[in-house]
Amino acid sequence: QGDAISRDVPADSLALIDDGGNGTERRYTYADIRRLSGAIARGLLKRGLVRGDRVAILSANRAEFLLTFLGTMQAGLVSVPVNYKLPAETVGYVVGDCDAKLVIGDDTRLPLAPDNVSKISFDRDFSALLDEGPFTPIAMRPEEPAMFLYTSGSTGRPKGVVLSHYSHLWAISQRMRRPVPIGQRSLVAAPLYHMNGLAMSQTTLSHGDTVVLLPQFTTRGYVEAAARHRVAFLTSVPTMIAMILREPDLLAKNDLSAVEAVRMGSAPITQSLIDQVRKTFPKAQISNGYGTTEAGPVVFGPHPKGIAQPELSTGYPHPDVALRLVRDGREVQDEGVLEMKCGALMTHYHKLPEVTAKAMTPDGYYRTGDVFRRDENGNYSFVSRADDI
C-alpha cells in the first residue's frame, strides 16, 4: 500500500512541495519519493524490524512524515500516525497500546513518547536511518494491517482502528478522478495523523498530482500557500475554510483564481458557509465529503440519474458502498443511524473485541453512530450524532 504511487507520470514530475511555513520550501519528484521511501524501508528492516511490527510517527506535517508513512508500509511494517495534540500520558498510551517498536518524529513532539521505546528524530538522526539502494516493496496479503489510526477518544481512551492494505487500496481506487487534469496541486494542511489529510495525500500521489504540504493550519499560511503554489484543489475541514473566509483583506491580497475544487469534510457544514465559499471561489466545484476512520473516505457520490444534489447533502450512495438507515432496531427509509459496508472497512479495533463486536453488525455493516436523512431522490444529509440526541 505504501507503493500506491503513480507510475503514469514522468519520474521528474513534481510529487510533493513541503512548504515549511517559515519561508523554507523543499521539492520532491516522483523519483525522489520512490528512492527515499525505499531507503527508509531498507533502513527499518536493517534495524531488525520484522513484518507486522508497528512504527509510530509523532510529528507535524512534513515531507519526512509522508516518506516514513510510505516506507514503513513498503517494508511490510505497520504505520501508526499519532495525534501529537494529545497529552503526553495519552500519547504514551497509544504508543504502548499499538506495541510500537520504534517512534519516529520531530524534535518538538518526540519527547511526548515514552522513553522505553527507541526513537529516531527527523531533525537529528534521520539521515542515519536511510539506506539507499534498490528496494522492491514487500508483497503483503490484502488482509494484513497497513496502518493503525487512533480515534480521537472523546469517550475514554483512543481506540486503534486497524486498516488493512486492501482497505486503503480500495479507497484509493474508488476515488473518482476529481474535476482537474493530471499534474494539479492539492493543498494539505490538516494533520497527517487524521484520515482527512492522509487520504488526500495518498489519493494525490496515486493520481500523479502534486501535494502542497503545510506543517499545520494557519489562516495566513493556508491562503498564501494556495496563492503562491497556484493550488487547484483545497481539501479541509469546514472550520478551516470558515476561518479563511473571515479574512477579506488577506483574500483580497492573494490570487486564488487557480482554485477549481473545494472539498470540505469531517464535520457538518452550513448553507451560509457554502454561500460564502461560492462567492470567494466562483468557479470552484464545492463538495461536502463524509467519511469515517473505521470505514474510509468513500461513501457518497453523484446521483446516477444526474439529479442535482442539494447543497447541504453529502450525496447519493457510491455504487460500491452498501448503506442503510436504522431506527429502533429496524431498517427505515427516511431518517436513522447510518450503517455501511464497503471495501474500506476496518479489520477491527486493536485489542478491543467487545468494542469491535458492538461497532459491527452480525452481517458485516459498520454502525457509524451518525444520524442521516434520505430525501425522495435518495440523497443523504447528515443530521446529528446518535449520542447527541
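Let's start with one side chain: a polar atom on the side chain of His303 sits 3.0 Å from the backbone nitrogen of Lys305. A polar atom of that His303 side chain also lies 2.7 Å from the backbone oxygen of Asn377. Keep in mind that this is a predicted model.

His303 counts as buried because its relative accessibility is 11%, and the cut-off for buried is under 20%. Leaving aside residues up to four places away in sequence, His303 touches Tyr316, Asn377 and Asn379.

Now stay in that loop and look at Leu312, which also lies between β14 and β15. Leu312 has a relative accessible area of 36%, so this residue is partly exposed. Which residues does Leu312 touch, not counting those up to four places away in sequence? The list is Ile269, Thr270, Gln271, Ile274, Asn288 and Ser381. Take Ile274 from that list: Leu312 and Ile274 are 38 residues apart along the chain, yet their C-alpha atoms are separated by 8.2 Å.

Next, have a look at a helix. Helix α7 covers residues 219-228, and its buried residues are Thr219, Tyr222, Val223, Ala225, Ala226 and Ala227. An α-helix has 3.6 residues a turn, so residues three or four places apart point the same way. What do the buried residues of α7 pack against? Their partners are the strands β1 (14-19), β9 (185-188) and β11 (233-236), together with the helices α8 (238-245) and α9 (248-253).

Just past the end of α7 comes Arg230, with a positive phi of about 50°. Most residues other than glycine have a negative phi.

Time to zoom out to the whole chain. How many helices and strands does it have? The count is 11 helices and 21 strands. The C-alpha trace spans about 60 × 55 × 40 Å along its principal axes. For 389 residues, a compact globule would have a radius of gyration near 21 Å, and the chain agrees because its own value is 21 Å.

What share of the residues is buried? Of the 389 residues, 57% count as buried. If you take contacts between residues at least 6 apart in sequence, 67% of them join residues at least 24 apart.

The chain has an accessible surface of about 16600 Å², and carbon and sulfur atoms account for 52% of that. As for charges, there are 43 positive and 43 negative ones, and their mean positions are 1 Å apart.

Notes: Residues numbered from 1 in each chain as written. Predicted model: local features only at pLDDT ≥ 70, side-chain atom pairs only at ≥ 80, totals over all residues. Heavy atoms only, no water. Helix = DSSP H or I, 4+ residues; strand = E, 2+ residues; numbered from the N terminus. Rg over C-alpha atoms; globule rule 2.2 N^0.38 Å. Buried < 20%, exposed > 50% of the residue type's maximum accessible area, 1.4 Å probe, protein only. Contact = heavy atoms within 4.5 Å. Areas by Shrake-Rupley, 256 points an atom, 1.4 Å probe, with all protein chains shown as cover. Lys, Arg positive; Asp, Glu negative; His and termini not counted. Charge placed at Lys NZ, Arg CZ, Asp CG, Glu CD. Polar contact = N/O pair within 3.5 Å; in protein donor to acceptor, adjacent residues only side chain to side chain.
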